[in-house]
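Thank you all for coming; I would like to take a few minutes to walk through one model, moving from single residues out to the whole chain. Please have the structure open while I talk.

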Amino acid sequence: MAGRYTPRTVLAHLIQRRNQTYSEIVAEFVELGGTITERHLRRLASGERAGTTPQTRRTLQRMFGKPVEELLAPYVPEQAGQMVPASASSGRITTGNEMEVLDMAASRARAFALAAQTGLGSEAMEQVYDDVRHVAKAYPQRPLPEILGQLVETQDLVFALLESRQRPEHLRQLYFLGGVTGGLLAKASHDLGNPHAALTQARTAFLCADNADHHGLRAWVRGLQSLVSYWAGNPHDSVRYAQLGAGYAEQANSTTSVWLPVSEARAWAALGNADATRAALERAENAWTSVQDDDLDEMGGLCTFGRNRQLYYAADALAWLPGEVDTAERYSRQAVDAYTDQSHPEWAFGDAAGSHAAMAITRIANGELDGAADAIAPVLGLPAERRINGVVHSARRVHQALRQSGRADDARELQEEIETFTRTPMQSFPR
């Protein structure tokens, strides 16, 4: 048709042939039980975005009759005669999974509630909070491929709302949620082994924290920057970020006032500074006397810092120091015990794995190779989707401890198991 742009993807071509607006497509998408923003749909159609949730993939396939991989492929004009856009069939959902059907219905209700208002009302604002809270709680406990699509779409929704006209009283709340989602995506980028992307997300998250004027959120983002730098092998930067956040944490009196000094302790330990490590661990413990949960802590999951994580961080820090073997062994034992109950709200598979790795390192230092093998065994048994960056690095630290123990020949089999484990980190999830 004259005057119409050449579509970049098959999806864009099919939308163009329907002679519908993107807002009409979104409305139809919602009718089929999906949830998507117009901005997200446009980015998919333009080829700027390839990541989608399973629900989005299913709904797009129902609308257009083609797998998402084909819909997002570059459009070749010669194929135009073969492209037959499927109208939205009214077939019934036959997944056989009642919980999945209920989730789809809830997503449809959510999308309708948000789309039906020209400006966010209290109910819609609570829905956005609910979305962010859900991902924050799920993040430490579920494999990243299961939640990353939802996290990206949630950030996309928050940014789209910020870019549209909102009531002044909602702007601060949206910037707060933008900071949280940005922080979670910084952690996701780190978990996938991309520290550059992680720090980019963190900078945007800190900007949102500034616009929200939220001291606890500012401190939390600094904690994430310290974490990313620590695992990227930049302990000086890790110390710097932890110290940059200390003033905000002191004003917030949230659990970040524990997280930042214990993060600083790990970085000092990696640098071999035992005195600074012990001093930072003491500050972290003393901070509990004045901690009061703020609205960020109330998000739960990755947004708060509990006693169990403190035990793990302390064990991880002290495991670096040859003179602290006994103390490190005690902390690692307590941390492993703390993460035994997978139903506990604070349970996190990454921190549980790190606790086991710290225990293995202390046992190697004590000459207990069999005990070290027992300690690291649960880590080496993790499926690929849970082999996040920090877990793989923790396993490598155990390998390094074995090399430096002087008993490498006795531990050859364990070293080979670790090498096999670290060669197969978490793979990219299907697009």
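This is a predicted model: local features need pLDDT of at least 70, side-chain atom pairs count only at pLDDT 80 or more; totals for chains, interfaces and linings use all residues.

What does Leu-296 touch, if we do not count residues up to four places away in sequence? The list consists of Phe-176, Val-180, His-214, Gly-216, Leu-217, Trp-220 and Cys-303. Take Val-180 from that list: in sequence, Leu-296 and Val-180 are 116 residues apart, while in space their C-alpha atoms are 8.2 Å apart.

Let me turn to Gln-225, which is part of helix H11, residues 215-231. Is Gln-225 buried or exposed? Gln-225 counts as buried, because its relative accessibility is 3%. Its side chain makes a polar contact, at 2.9 Å, with the side chain of Arg-222. Once neighbours within four places in sequence are left aside, the residues in contact with Gln-225 are Leu-199, Ala-202, Arg-203 and Tyr-241.

Next comes a pair of helices, H15, residues 307-318, and H17, residues 349-365, which pack with their axes 9 Å apart and at an angle of about 35°. The crossing of H15 and H17 is left-handed. On the H15 side the contact is made by Arg-309, Tyr-312, Ala-315 and Asp-316, and on the H17 side by Asp-351, Gly-354, Ser-355 and Ala-358. Sorted by class, this contact of H15 with H17 comprises three nonpolar, two polar and three charged residues.

Earlier in the chain, helix H3, residues 38-46, has His-40, Leu-41, Leu-44, Ala-45 and Ser-46 buried, and H3 is followed by Gly-47, which has a positive phi, near 85°.

Finally, the chain as a whole. The protein chain contains 20 helices and zero strands, and 53% of its 431 residues count as buried. If we consider contacts between residues at least 6 apart in sequence, 68% of them join residues at least 24 apart. The accessible surface of the chain comes to about 19,800 Å², and carbon and sulfur atoms account for 48% of that surface.

Notes: Residues are numbered from 1 along each chain as its sequence is written. Side-chain values use heavy atoms; hydrogens and water are left out. Buried means under 20% relative accessible area, exposed over 50%, partly exposed in between (1.4 Å probe, protein chains only). Helices (H or I, at least four residues) and strands (E, at least two) are DSSP runs, numbered from the N terminus. Contact means heavy atoms within 4.5 Å. Accessible areas come from the Shrake-Rupley method with a 1.4 Å probe; for residues, only the protein chains shown count as cover. A polar contact is a pair of N or O atoms within 3.5 Å; within protein, one must be able to donate a hydrogen and the other to accept it, and residues adjacent in sequence count only if both atoms are side-chain atoms. Axes are lines fitted to C-alpha atoms, for helices over the stretch in contact, and angles run from 0 to 180 degrees between N-to-C directions. A crossing is left-handed if the near helix is turned anticlockwise from the far one by less than a right angle, and right-handed if clockwise. Ala, Val, Leu, Ile, Met, Phe, Trp, Tyr, Cys and Pro count as nonpolar, Asp, Glu, Lys and Arg as charged, and the others, Gly among them, as polar.
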